[in-house]
Amino acid sequence: MKTPLRPAPSVLLVEDDAGIRQSIRAALMSEGCQVIEAPSLARGRIDLSGRSPDLLVLDLGLPDGDGLALLTELRLWSPMPVLVLSARGDEADKVRALDAGADDYMSKPFGVAELLARIRALLRRSLRGGDRPGLQTFGGVVVDQDLRQVRRNGEPVHLTPIEYKLLCLLLNGGGRVLTHRQLLAGVWGPNHVEHGHYLRVYMAGLRRKLEADPAQPRHILTESGVGYRLRPQAE
Ligand code: CA
């Protein structure tokens, strides 16, 4: 178990399934987090404004409504990290949640260890605040966003401007999934969000230049039907 984060971050858990709540609560408490539990949308709404948690874990299917409604309201006033729990394989739900401003999602059933890893990453990022990105590394690749330089195993790598922009979006996502729509809008602007095939072409280019085995990427990962994520540490 990792050293607890300090001061104890508080996590609001909006989930109607008592069994899932219980296992997530136990895991978070073992990490030194405080946990606030809300079994409904209405309760979650009250605790969000009243208890100012550091992070929200949000189930989408709640007895009194869609968790997405709460996320949409939250994003009007807070950039707080949000991890969404969705029913297995429902890609459309995940995409809607990410487009509405979720930072990450997990499909049920999920492993608690993986959930904790994602939560730790989100908390680290938000507690670090608005640092300059500086140097970022993954799999032998070093990206210096201040100097706009990319090196792989010490050798300079030439990326096209679009490849570089995509790479920075993925890196600045800090491991979170970015949807096709978010990536397309980030690189080409809001009028090109339907052109998913652009992404496939440029992601293939990035993998060819940056992955040890472009056919088996370990860092620039496809989230099928949803988007892409950059995983800094290969598992
Ligand atoms: Ca539910």
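Modeller: Before we start, contact here means heavy atoms within 4.5 Å. This is a predicted model, where local features need pLDDT of at least 70, side-chain atom pairs count only at pLDDT 80 or more, and totals for chains, interfaces and linings use all residues. Residues are numbered from 1 along each chain as its sequence is written, and side-chain values use heavy atoms, with hydrogens and water left out.

Biologist: Thanks! Which residues in α7 and α8 meet?

Modeller: H180, L183, L184 and W188 of α7 meet G196, Y198, L199, Y202 and M203 of α8. Helices (H or I, at least four residues) and strands (E, at least two) are DSSP runs, numbered from the N terminus.

Biologist: And what holds the calcium ion?

Modeller: D16 (OD), D59 (OD) and G61 (O) coordinate the calcium ion at 2.2 to 2.4 Å. D16 sits in the loop between β1 (10-14) and α1 (18-30) and D59 in strand β3 (residues 55-59), so the pair ties together parts 43 residues apart in sequence. Donors are N, O and S atoms within 2.8 Å of the metal (3.2 Å for Na, K and Ca); water is not among the atoms, so sites may look incomplete.

Biologist: Is D59 buried or exposed?

Modeller: D59 is buried, with a relative accessible area of 4%, while D16 is partly exposed at 35%. Buried means under 20% relative accessible area, exposed over 50%, and partly exposed in between (1.4 Å probe, protein chains only).

Biologist: New topic: what order does the open sheet of three strands have?

Modeller: The order is β12-β14-β13, with antiparallel pairing. Two strands pair if DSSP finds at least two bridges between them. Four bridges join β13 to β14 (residues 227-230), and E223 has G227 in β14 as its bridge partner.
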